[in-house]
Amino acid sequence: MKLDVNALGTFYRMAREGAGLAAGRLTHMLGVETQLGVTKLNFMRGQEIRRDFEDSTEKVGVRVKLTGAIEGYSVVVFERENAFRIVETLLAEADPDADVDADIGEITEFDEMTESAATEVGHIINSGFIDGWADVLEAVIDVSTPEFVEGRSAEPFFGNIDEAPGDDDLALLFQSRIETVGTEVGFSHYLFPKRESMATLLERLRTSEGIEYDKLDGFDRMAERGAEEVAKTATTLTGIDTSVEIRRLNFVSLEAIPEQVANEKLVGVAFEFDGMPSGYLLFLFDEESAHEIVDAMVPMEVDEDGFGEMGTSAIKELGNIMASGFLDGWANVLDTTIDHSPPEFIHDIGAAAVDPVIIQLGENQDFAFVFDTVVMADGREFDCEVYAIPDESDLERALNNLDVDRIEEAPTTAEFQEVDTT
C-alpha cells in the first residue's frame with residue numbers, strides 16, 4: 001500500500017468538507033450557530049487511541065458501517081455531559097413550549113427518548129462527514145443503521161471492530177471537531193477504514209511513485225527513537241531526569257496550523273535544517289511550561305518574566321538539544337547528513353508565533369507533518385508541539401530509500417555540539 005502527499009491532501013479535503021457539512025446540519029437541527037474546529041489526519045498507534053478513551057470520563061457515541069467507495073466504520077464520540085447538553089437543546093428546539101428538565105445534564109442513564117435523540121444527532125453528523133467524502137471522491141458511500149454506544153473505555157466503541165488497529169499498529173484516522181458557539185459542547189470523529197479499501201483509494205489518488213505505508217510507519221518510529229535520544233542528551237547536559245514521548249503523527253494543512261495554535265502567549269525555538277531531507281523544525285511550549293523549563297534548567301533567580309537573557313538562553317539550549325536529537329537520529333537511520341541552523345527564539349501570541357515559518361513554507365508546499373509531543377522533566381509535564389516540516393519531495397526520496405530494519409539497528413546517538421545560543 002502506497003501513499004503520497006496528493007493522496008493525503010485529498011483525504012484532508014474530504015475531512016474538512018465532511019466536517020463543514022456536519023457543522024451546517026448541526027446548526028440547522030439545533031438552531032444554534034456552530035463552527036468547524038481543527039481537522040487532522042492522525043497516524044496513531046492503537047494503544048494511543050485507547051489511551052484517549054481511558055481518562056475515566058464517560059463517553060457516548062454513534063457508529064455506522066460504511067460500504068462502497070470507503071469500507072469500514074465511522075464513529076462520532078461525545079463526552080457524556082456534552083451529549084446531554086445537545087439532547088436538551090434538540091428537545092427544546094423540537095417543542096419550545098415543553099418543560100424540558102434544565103438539569104438533564106445530570107441524568108445518569110439514557111432513557112428511550114434521550115438515547116433516540118442522541119442517536120439522531122450522531123447519525124446526522126456522521127452523514128454529513130460521509131456525504132462530504134463522497135462529494136470529494138465523486139463516488140457513492142452507503143451507510144448502515146446507526147448504533148448507539150456508551151462506556152468509559154475504548155472497548156465498547158472499537159473493541160469488536162476488525163478495522164481498529166492493534167496496540168502497535170499505525171493507523172490513519174480522520175479526527176475533526178465541531179463546536180457550538182457560546183458553549184463547551186464538542187465531539188471527536190473517527191474513521192476506521194478497511195486496509196484493502198484504503199489501499200484502493202490510495203492507488204486511485206496517488207500522483208507520484210509514492211511511499212510504502214510501512215516506510216511512513218518507519219518515519220514515526222524514527223521520531224520515537226529520536227525522542228529517546230533527546231531525553232538522554234537533555235538528562236546528561238542538564239542533570240534533570242528528562243523523557244520525551246511522541247503521542248501521534250498528524251498530517252495537516254499549512255494554513256490550518258495557525259488555526260490550531262492556542263490564542264495565548266507561546267514560547268518556542270525554530271530551526272531550518274538542510275540535507276536529506278531538508279525543511280523546518282519548530283518546538284512550541286505554552287508560556288507556563290516554558291517558565292517551568294527555565295526554573296528547572298536555571299538554578300538561580302532569573303528575570304521576573306523568566307525570559308530575559310538567561311531564560312531565553314535556557315529555552316534555546318533545550319531546543320538545540322531536542323533538534324540535535326531528532327535530526328541526528330534521523331540522519332543515522334537514513335544514512336545521510338542533516339545539518340540545522342542556530343536556534344531562533346520565539347515569544348509571541350498564538351498564530352503570530354508560527355506565521356513566519358508558515359509563510360516561508362507556503363511558497364512551495366501545502367501540508368505538513370506535526371508530532372504531538374510531551375516533554376517530562378524532573379517529574380513535570382510540558383505540552384510541546386513539534387512541527388517537523390520536511391520538504392515534500394525530499395521526504396519522499398528519503399523514506400523510499402529507508403531500510404526499515406535499520407531503524408532498530410542504527411545508532412541514534414546525537415553528536416551534540418554546543419551551539420552559540422546568544
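Modeller: Buried means under 20% relative accessible area and exposed over 50%. The structure discussed here is a predicted model.

Biologist: Which residues of helix α6 are buried, and why do they line one face of the helix?

Modeller: An α-helix has 3.6 residues a turn, so residues three or four places apart point the same way. Viewed down the axis of α6, the buried residues fall within an arc of 135 degrees, so they line one face of the helix. In α6, which spans residues 195-205, the buried residues are Ser197, Met198, Leu201, Leu202 and Leu205.

Biologist: Which exposed residues does the face of α6 turned away from its buried side carry?

Modeller: The buried side of α6 includes Met198 and Leu202. On the face turned away from that side, the exposed residues are Arg195, Glu196, Thr200 and Glu203.

Biologist: Where does leucine 172 lie, and in which strand? Is leucine 172 buried or exposed?

Modeller: Leucine 172 belongs to strand β7, residues 170-180. Its contacts, not counting residues up to four places away in sequence, include Leu8, Phe11, Leu41 and Met198. The C-alpha atom of leucine 172 is separated by 6.7 Å from that of methionine 44, although the two are 128 residues apart along the chain. With 8% relative accessibility, leucine 172 counts as buried.

Biologist: How many aromatic pairs does a search of the whole structure find, and why is the pair of phenylalanine 84 and phenylalanine 110 stacked?

Modeller: The whole structure holds 14 aromatic pairs. In the pair of phenylalanine 84 and phenylalanine 110, the ring centres are 4.5 Å apart and the planes are at 20 degrees, so the pair is stacked. Phenylalanine 84 lies in helix α3 (residues 80-94) and phenylalanine 110 in the loop between α3 and α4, so the pair ties together parts that are 26 residues apart in sequence. Both phenylalanine 84 and phenylalanine 110 are buried.

Biologist: Which strands does the pair of phenylalanine 251 and phenylalanine 367 tie together?

Modeller: Phenylalanine 251 and phenylalanine 367 form a stacked pair, 5.0 Å centre to centre, with 20 degrees between the planes. At 1% relative accessibility phenylalanine 251 counts as buried, as does phenylalanine 367 at 11%. The parts tied together are 116 residues apart in sequence, because phenylalanine 251 lies in strand β10 and phenylalanine 367 in strand β15.

Biologist: Is threonine 312 buried or exposed, and with which residues is threonine 312 in contact?

Modeller: Threonine 312 is found in helix α10, residues 309-334. The UniProt record, an unreviewed entry, lists residues 310-346 for "domain: CheC-like protein", a span that is 68% helix and 16% strand. At 16% relative accessibility, threonine 312 counts as buried. Leaving aside neighbours within four places in sequence, the residues in contact with threonine 312 are Phe307 and Phe345.

Methods. Residues numbered from 1 in each chain as written. Predicted model: local features only at pLDDT ≥ 70, side-chain atom pairs only at ≥ 80, totals over all residues. Heavy atoms only, no water. Buried < 20%, exposed > 50% of the residue type's maximum accessible area, 1.4 Å probe, protein only. Helix = DSSP H or I, 4+ residues; strand = E, 2+ residues; numbered from the N terminus. Arc of directions from axis to C-beta. Phe/Tyr/Trp six-rings, centres within 6.5 Å; stacked < 30°, edge-to-face > 60°. UniProt positions renumbered as here; feature names shortened; annotations may be inferred. Contact = heavy atoms within 4.5 Å.
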